[in-house]
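Subject: Structure handover

Hello,

Please find the structure below. My notes on what was found in it follow.

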2 protein chains.
Amino acid sequence: MIPPPRDFSRLCLHTMTTRPWTFAEAVRRYAGAGIKGITVWRSAFADCSPAAAGELVRSHGLSVASLCRGGFFPADSADGRARAIDDNRRCIDEAAELGAPQVVLVCGSAPGLSLEESRVQIAGGIAAVLPHAAAAGVRLAIEPLHPMYAADRSAINTMGQARAICSQLKSPWVGIAVDVYHTWWDDRLEEEIRASGREGTLFAFHISDWRTPTTDLLEDRGVMGEGCIPIRRIRGWVEESGFSGFNEVEIFSRRLWATDQARYLEDIKSAYLAHA
Amino acid sequence: MIPPPRDFSRLCLHTMTTRPWTFAEAVRRYAGAGIKGITVWRSAFADCSPAAAGELVRSHGLSVASLCRGGFFPADSADGRARAIDDNRRCIDEAAELGAPQVVLVCGSAPGLSLEESRVQIAGGIAAVLPHAAAAGVRLAIEPLHPMYAADRSAINTMGQARAICSQLKSPWVGIAVDVYHTWWDDRLEEEIRASGREGTLFAFHISDWRTPTTDLLEDRGVMGEGCIPIRRIRGWVEESGFSGFNEVEIFSRRLWATDQARYLEDIKSAYLAHA
């Protein structure tokens, strides 16, 4: 087993993790807590432009890990698919203005389509925006989502399916965001992570924990150590595969959002050292 | 695509599907509705002995498809594992007394153990009760559960993992219960079903539907046609693989349990013809 993180130099928070805070407050608080990375959710741009958001982040000594999120490509009409492609081009533009090296893709799934058809549309959608991403210098990180989201959020539910799209598109601008919450159950996870590392597609690494019982499909994630995910073991596979980016804490939790966020931030830091 | 069911000769209901009914009322109502199969949950034995339950079922012209459920083998202590094995032997005895040809195994998962360790304990637990099952003439049907239950209900989350245990134990008394709710998302499902058919391990087939959104991890299943699962397509794979048993309707739904169960039963019959 790899050792615990020595410090917070690779710790990154998703702004959604501390949702009650405005974007500006999150930036200030993260920087004050000695955190070095931030993954910005697009909701931040309700308050300020992507360029201004990037300025704010950098002026606080933070680096942007990713912009969350693009994707949602499948639709049951050509119009719907075209709108999704337009929105993804806008998301790529926002990432470039923000100064984010990559966009995380929650690929989408249309309940009226088969998973196979959704996957074809996802690959087609990514292919359609890929020239735009390359021109903007923004990478696209496909995030496999847990199978419990297969019906409506992503038809890409395993690293294997994400790797298949990467292989099909063969571009240095397309890779994978590995999230332990979505992938921990997969008995092929280790081999898939190692293969992704060899293929140069390990773009991002997200951490949180799976609580027992989990009472909500979307907003009941746990802080590292609150659940059963072997986070450190998976981080070991990721780092042994050559990944040297941020460990991004992405927790959606109504329970934790209802608590004092400053205290919660300190709990996250402790949990990071103890369990990540 | 295979044609719709022609009649109700292969329709089976799990007693949990109409949970508000007592076991005796469920038997009477199913028989009155022209249904031929029943899968009995062990809670029925609070009211009557397994032998009496079997008598009641047969006197109404119903056949028992399965007894639900054994399993829950993994535990973090030797005592816990021994208790699980004892309970599974009792369950097998109950199945024999009831006249059920098989017990469905929800294999279990202990949050304190790795999934790999839980799987080892599951295989060990099944091996431990296998002689008892063979002597009783009761088959054991491993039910792969959706990955959202990996933490606490089953470390067996794919047909592939279930097949691996079948291959390891190599016994005509160990096979698989395929439930579309648990397995529909798996891109290997068709090949796994066909392989299981070749190996003679397709023991049971459960149907229901996946609703969007799903609001509860346990008790928000849908009637066939209410969701996105390609039930008929999967039934086609199962039947083409040689399975000729019951199509077992297993729906847990607080929403539907709150409705008039007689009307609900008729809705299930219509949905079965239209979507199964």
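I begin with a helix pair in chain A. The axes of helix α2 (residues 50-59) of chain A and helix α3 (residues 78-98) of chain A come within 7 Å of each other and cross at roughly 35 degrees. Axes here are lines fitted to C-alpha atoms, for helices over the stretch in contact, and angles run from 0 to 180 degrees between N-to-C directions. Helices (H or I, at least four residues) and strands (E, at least two) are DSSP runs, numbered from the N terminus. The crossing of α2(A) and α3(A) is right-handed; a crossing gets that name if the near helix is turned clockwise from the far one by less than a right angle, and is left-handed if anticlockwise. From α2(A), the residues A:Pro50, A:Ala51, A:Ala53 and A:Gly54 meet A:Glu94, A:Glu97 and A:Leu98 of α3(A). Contact means that the C-beta atoms of two residues, placed from the backbone, lie within 7 Å. By class, this contact of α2(A) with α3(A) holds four nonpolar, one polar and two charged residues. In that count Ala, Val, Leu, Ile, Met, Phe, Trp, Tyr, Cys and Pro are nonpolar, Asp, Glu, Lys and Arg are charged, and the others, Gly among them, are polar.

Before the rest, the conventions and the confidence. This is a predicted model, in which local features need pLDDT of at least 70 and side-chain atom pairs count only at pLDDT 80 or more, while totals for chains, interfaces and linings use all residues. Residues are numbered from 1 along each chain as its sequence is written, and chains are lettered from A and ligands numbered from 1 in the order in which they are written. Chain A averages a pLDDT (the predictor's confidence in each residue, from 0 to 100) of 98, and 100% of its residues score at least 70. The model has ipTM 0.96 and pTM 0.97.

Next, the sheet of chain A. Eight strands form a closed barrel in the order β1-β2-β3-β4-β5-β6-β7-β8 (chain A), and their pairing is parallel. Two strands pair if DSSP finds at least two bridges between them. Strand β3 (residues 63-71) of chain A pairs with strand β4 (residues 102-106) of chain A in the parallel sense, over four bridges. A:Cys68 has A:Val104 in β4(A) as its bridge partner. Helix α3(A) packs on the sheet, where it touches β2 (37-41), β3 and β4 of chain A, and its direction makes about 170 degrees with that of β3(A).

Chain B also has a barrel, which eight strands close in the order β1-β2-β3-β4-β5-β6-β7-β8 (chain B) with parallel pairing. Strand β1 (residues 11-14) of chain B and strand β8 (residues 247-249) of chain B are joined in the parallel sense over three bridges, and B:Leu13 stands opposite B:Val249 in β8(B). Helix α5 (residues 159-169) of chain B lies across β5 (139-142) and β6 (174-179) of chain B, at about 170 degrees to β6(B).

How do the chains relate? In the interface, 20 residues of chain A are in contact with 20 residues of chain B. The side of chain A that touches chain B has twelve nonpolar, six polar and two charged residues. Of the interface residues of chain A, 100% are also interface residues in chain B, so the copies meet through the same surface.

Last, some backbone details. Most residues other than glycine have a negative phi, and most peptide bonds are trans. The bond from A:Thr212 to A:Pro213 is cis, with omega near -5 degrees, and A:Pro213 sits in the loop between β7 (202-207) and α8 (231-240) of chain A. In chain B, the peptide bond from B:Thr212 to B:Pro213 is cis, with omega near -5 degrees. B:Phe72 is not a glycine but has a positive phi of about 50 degrees; B:Phe72 is in the loop between β3 (63-71) and α3 of chain B.

Regards
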